[in-house]
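Please keep the structure open while reading.

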Amino acid sequence: MEEPVEYRIERLRRRLAAADIAELGVRLELRGNTVVLSGTVGSPECLATVREIAEAELAGVPLLTDLVVGHTDPPEHSEVLR
């Protein structure tokens, strides 16, 4: 008997929050029979890792990835206040 997709989603949530990735900015939603990953991650490498983990954990479940990489670089110039 195959495990319910809701259990697999919850296991994925726990893996994403674990110390090895510690990615808390990712939301997971079940829409119909598709799991949607959305939110902001810190780097392109993190995005690739999140996708890899999600694809492994949710193998066989339709997956839509709507993740963006946030920019954490310091500003290039000072802000002028008037």
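Arg15 and Glu57 form a salt bridge, with 3.0 Å between the closest N and O atoms; the term is used for a side-chain nitrogen of Lys or Arg within 4 Å of a carboxyl oxygen of Asp or Glu. This pair links distant parts of the chain, since Arg15 is in helix H1 and Glu57 in helix H2, 42 residues apart. Helices (H or I, at least four residues) and strands (E, at least two) are DSSP runs, numbered from the N terminus.

The model is a predicted one, in which local features need pLDDT of at least 70 and side-chain atom pairs count only at pLDDT 80 or more, while totals for chains, interfaces and linings use all residues. Residues are numbered from 1 along each chain as its sequence is written, and side-chain values use heavy atoms, with hydrogens and water left out.

Arg15 counts as partly exposed, because its relative accessibility is 37%. Buried here means under 20% relative accessible area and exposed over 50%, with partly exposed in between (1.4 Å probe, protein chains only). By that scale Glu57, at 10% relative accessibility, is buried.

Glu57 also forms a salt bridge with Arg11, where the closest N and O atoms are 2.3 Å apart. Here too the pair links distant parts of the chain: Arg11 lies in helix H1 and Glu57 in helix H2, 46 residues apart. Arg11 forms another salt bridge with Glu3, the closest N and O atoms being 2.8 Å apart. Both Arg11, at 27% relative accessibility, and Glu3, at 32%, count as partly exposed. Through shared partners, salt bridges join Glu3, Arg11, Arg15 and Glu57 into one network. Over the whole structure, a search finds six salt bridges.

**The sheet**

What order do the three strands of the open sheet take? The order is E1-E2-E3, and the pairing is mixed. Two strands are taken to pair if DSSP finds at least two bridges between them. E1 and E3 stand at the edges with a single partner strand each, so one side of each has no neighbour in the sheet. From one strand to the next, the twist averages 10°; axes are lines fitted to C-alpha atoms, for helices over the stretch in contact, and angles run from 0 to 180 degrees between N-to-C directions.

E1 and E2 pair in the antiparallel sense over six bridges, and Glu29 stands opposite Val36 in E2. On the other pairing, seven bridges join E2 (residues 34-41) to E3 (residues 63-69), and these two strands run parallel. Ser38, found in strand E2, stands opposite Asp66 in E3. At 9% relative accessibility, Ser38 counts as buried. Setting aside residues up to four places away in sequence, Ser38 touches Gly25, Val26, Arg27, Glu29, Asp66 and Leu67, where contact means heavy atoms within 4.5 Å.

Val69 is also in a strand, E3, but counts as partly exposed at 29% relative accessibility. Its contacts, leaving aside neighbours within four places in sequence, are Thr40, Val41, Gly42, Ser43, Pro44 and Leu47. Val69 and Cys46 are 23 residues apart in sequence, and their C-alpha atoms are 8.6 Å apart in space.

**Helices on the sheet, and the core**

H1 lies across E1 and E2, running at about 175° to E1. H2 packs on the sheet and touches E1, E2 and E3, its direction making about 165° with that of E3. E2, helix H2 (residues 44-57) and E3 make a right-handed β-α-β unit. Right-handed means that, with the strands pointing away from the viewer, the path from the first strand over the helix to the second runs clockwise.

In soluble globular proteins, nonpolar side chains tend to be buried together. A nonpolar core is defined as a set of buried Ala, Val, Leu, Ile, Met, Phe, Trp, Tyr and Cys residues joined through side-chain atoms within 4.5 Å. The largest one here has 18 residues, of which Leu12, Leu16, Val26, Leu28, Val35, Leu37 and Val50 touch the most other members. Helix H1 (5-17), strand E1 (26-31), E2 and H2 are the elements that give two or more residues to this core. H2 gives the most, with five residues.
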